[in-house]
Amino acid sequence: ICDRESGRYDMSLQEFNDYLKYYPTTDLAPNAQYYIGEVYYNQRDYANALNAFDAVLERFPADNNKALDARYMKGRALFQLGEKTKAAQEFREVYNEAPRSELGTKAKAQLAAMGLSTNTSTPKKRKR
């Protein structure tokens, strides 16, 4: 994590990938996968970030300790890639799963910034 926080992204990617290679089923494996996504996101490599966050959601149990974070960051990556409808779906899922959590609050704020609410399954056009 120190390399990730200090901006040594290539080294941190290698470390997290090594961790997943040697310890793919530990309780911390979802964390390593999540941090890979976060490194890519910080490098503005949103496509690889999206893949990494998806891997947290697909390869590990649904109740892993980084699932909600991965879903939120997946929404942010989708938004950066111009996939606003899909991003809104992810933010709504985060909000619906944990409305009173910090991530639920952030997801609601992301939706509000997009001109959307938390209770709509698909975005609606605003009347002018």
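User: Which helices do the buried residues of helix 4 pack against?
Analyst: The buried residues of helix 4 pack against helix 3 and helix 5. Contact means heavy atoms within 4.5 Å, and buried means under 20% relative accessible area, with exposed over 50% and partly exposed in between (1.4 Å probe, protein chains only). Helices are DSSP runs of H or I with at least four residues, numbered from the N terminus.

User: What kind of model is this, and how are residues numbered?
Analyst: This is a predicted model, in which local features need pLDDT of at least 70 and side-chain atom pairs count only at pLDDT 80 or more, while totals for chains, interfaces and linings use all residues. Residues are numbered from 1 along each chain as its sequence is written, and side-chain values use heavy atoms, leaving out hydrogens and water.

User: Back to helix 4: which of its residues are buried?
Analyst: They are Tyr-46, Ala-49, Leu-50, Ala-52, Phe-53, Asp-54, Ala-55 and Val-56. Helix 4 has 14 residues and reaches 19 Å from its first C-alpha to its last, close to the 20 Å expected. The expected span is 1.5 Å times one less than the number of residues.

User: How many residues are in the largest nonpolar core?
Analyst: That core has 34 residues, and those with the most contacts inside it are Tyr-34, Tyr-72 and Phe-91. Helix 3 (29-42) is one of the elements that give two or more residues to it, and helix 3 gives the most, with seven residues. A nonpolar core is a set of buried Ala, Val, Leu, Ile, Met, Phe, Trp, Tyr and Cys residues joined through side-chain atoms within 4.5 Å.

User: What does Phe-91 touch?
Analyst: Not counting residues up to four places away in sequence, Phe-91 touches Tyr-72, Gly-75, Arg-76, Ala-107, Gln-110, Leu-111 and Met-114. Phe-91 counts as buried at 0% relative accessibility.

User: How many aromatic pairs are there?
Analyst: The count comes to six. Rings of Phe, Tyr and Trp (its six-membered ring) pair if their centres lie within 6.5 Å; planes under 30 degrees apart count as stacked, over 60 as edge-to-face and the rest as tilted. The rings of Tyr-34 and Tyr-35 have centres 5.5 Å apart and planes at 70 degrees, so this pair is edge-to-face. Tyr-72 and Phe-91 form a tilted pair, with 5.7 Å centre to centre and 50 degrees between the planes. This pair links distant parts of the chain, with Tyr-72 in helix 5 and Phe-91 in helix 6, 19 residues apart.

User: Which charged end sits over the ring of Tyr-34?
Analyst: That of Lys-66, 4.7 Å from the ring centre. The rule requires NZ of Lys or CZ of Arg within 6 Å of the ring centre and within 35 degrees of the ring normal.

User: On to helix 7: which residues are buried there?
Analyst: Leu-103, Gly-104, Ala-107 and Leu-111 are buried. They cover an arc of only 105 degrees around the axis, which puts them on the same side of helix 7; the arc is that of the directions from the helix axis to the C-beta atoms. The buried residues of helix 7 pack against helix 5 and helix 6. The face turned away carries the exposed residues Glu-102, Ala-112 and Ala-113.

User: Where does Arg-44 lie, and what is its phi?
Analyst: Arg-44 lies in the loop between helix 3 and helix 4. Its phi is near 65 degrees, a positive value in a residue other than glycine. Most residues other than glycine have a negative phi.

User: Is Arg-44 buried or exposed?
Analyst: Arg-44 is exposed, with a relative accessible area of 66%.
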